[in-house]
Amino acid sequence: MIQQQVDLAKFNTLRLNCVASFFTDVSALEQLREANSFAASRNLPLMLLGEGSNIVLPPKLEALVVRIALRGLDFSAVSSQRTEVTVAAGENWDWFVERCVSRNLWGLENLSLIPGLVGAAPIQNIGAYGAEFKEHLTSLELFDLANGKVETVSASECLFGYRDSIFKQAYRDRFVILGARFSLPNKAEPRLQYGGLASELQSEDSNSLTPMQVREAVCRIRRSKLPDPEITPNAGSFFKNPIVSEELAENIAQKYPQLISFESGSNRKLAAGWLIEQAGFKGKCSGPVGVYEKQALVLITNGGAQSLQLLDLAAEIQARVLELFGVELEIEPRCYNLHAEITNP
């Protein structure tokens, strides 16, 4: 059923005030086809919504907002080494990871506790603690909004990059992700080289380590650093970690020896949270918006903010970091204007 004038504050984790002109839930392919036809007949943008954990919404949206609620999960052993897993786009990502880990399947445990739905994960190629979504993906099932056809694309066709994919580029706003297929290893393949994960697990026997133990360690670390959006409205990391030349990183390190950076091919990836903290924004509040006191990469609201207030703070942070370090910070969540189109704040 398509509803009119729906308040989306409870459907986005920043709790930004926003009213959509039209709204519907989609739990079946035929419902998606009907929603697509409805939007086209009224010349409205069709805006997809999962759990609202990576978006910045305006006060009003002249669009048909479609909340994805497709369900389904299937495990199929293809060999003694690997298991094929097929999951629908509307399943909660962390629930899906927990289901895989509980079967002692490896590959997704480092991505535990990342908010959002499975269908949103490939769009920005979610990643954490040295692992990325793309690594064990084999294919995605898509619905083409232009012609109504369902097709399958391989992982290689998705052109995944750092927090990037073809769905942010050539396929932007053209396809709806219906489901994903993974090939997960049955044998131990722990990835512990990133951050404090190894130290968190140092008391465990490395020879008998399970994916559940890694998942639980990741969850402990994330909960200690990141706010629960149910308590403190936020969208997780608000800025991408910038990738800069070795030369620029070295120049910054000469002035700031404590610079946190990582190898990224022939370049360096800088810790955006560290840059923001050095710029003096950690814990800073500006009316109903602010920077989280435990992690400067996270912007928060008091649950009654407007998008412009949040984006003004983001712009202030970007300007100061550019002034101090010569580094441009890119906003990670997608920002919509009144007509459900992307903006560049």
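## Core, pocket and a few loop residues

In the largest nonpolar core, which has 42 residues, the members that touch the most others are Trp93, Phe96, Leu108, Phe133, Leu140 and Phe182. Strand S7, helix H2 (93–102), strand S10, strand S12 and helix H4 (211–225) each give two or more residues to this core. Apart from it lies another core, this one of 36 residues, including Val291, Leu299, Ile317 and Cys335. Keep in mind as you look around that this is a predicted model.

Phe182 is a handy place to start. Setting aside neighbours within four places in sequence, Phe182 is in contact with Trp93, Phe96, Leu108 and Phe133, among others. The list of its contacts also includes Thr83, Glu84, Val85 and Val87, as well as His136, Leu137 and Thr138.

Now for S7 itself. Strand S7 (residues 82–88) runs antiparallel to strand S6 (residues 73–77), and 5 bridges join the two. The link from S6 to S7 is a hairpin of 4 residues. Across the pair, Asp74 stands opposite Thr86 in S7.

Thr86 turns up again in the second largest pocket. That pocket holds about 160 Å³ of space. It is lined by 13 residues, and those closest to its centre are Thr86, Glu141, Gly179, Ala180 and Arg181. Which strands each supply at least two residues of the lining? They are S7, S10 (137–144) and S12 (175–185). S12 gives the largest share, with 4 residues. Sorted by class, the lining has 5 nonpolar, 5 polar and 3 charged residues.

Next, some loop residues. Leu113 is found in the loop between H2 and strand S8 (127–128), and Arg163 in the loop between strand S11 (150–154) and S12. Neither is a glycine, yet Leu113 has a positive phi of about 65° and Arg163 has one of about 50°. Gly196 has its place in the loop between S12 and helix H3 (197–200). Here is how accessible these residues are:

| Residue | Relative accessible area | State |
|---|---|---|
| Leu113 | 24% | partly exposed |
| Arg163 | 13% | buried |
| Gly196 | 32% | partly exposed |

Why does Arg163 count as buried? Because its relative accessible area is 13%, and buried means under 20%.

One last thing about Gly196: it sits 22 residues from Val218 along the chain, and the C-alpha atoms of the two are separated by 9.2 Å.

Terms used:
Residues are numbered from 1 along each chain as its sequence is written. This is a predicted model: local features need pLDDT of at least 70, side-chain atom pairs count only at pLDDT 80 or more; totals for chains, interfaces and linings use all residues. Side-chain values use heavy atoms; hydrogens and water are left out. Two strands pair if DSSP finds at least two bridges between them. On a 1 Å grid over the protein atoms alone, a cavity is a set of points where a 1.4 Å probe fits but cannot get out, and a pocket is an open set with protein on both sides within 12 Å along at least five of seven lines; lining residues have an atom within 4 Å of a point. Grid points are joined across faces, edges and corners, and a volume is the space filled by probe spheres set on the points. Ala, Val, Leu, Ile, Met, Phe, Trp, Tyr, Cys and Pro count as nonpolar, Asp, Glu, Lys and Arg as charged, and the others, Gly among them, as polar. A nonpolar core is a set of buried Ala, Val, Leu, Ile, Met, Phe, Trp, Tyr and Cys residues joined through side-chain atoms within 4.5 Å. Buried means under 20% relative accessible area, exposed over 50%, partly exposed in between (1.4 Å probe, protein chains only). Contact means heavy atoms within 4.5 Å.
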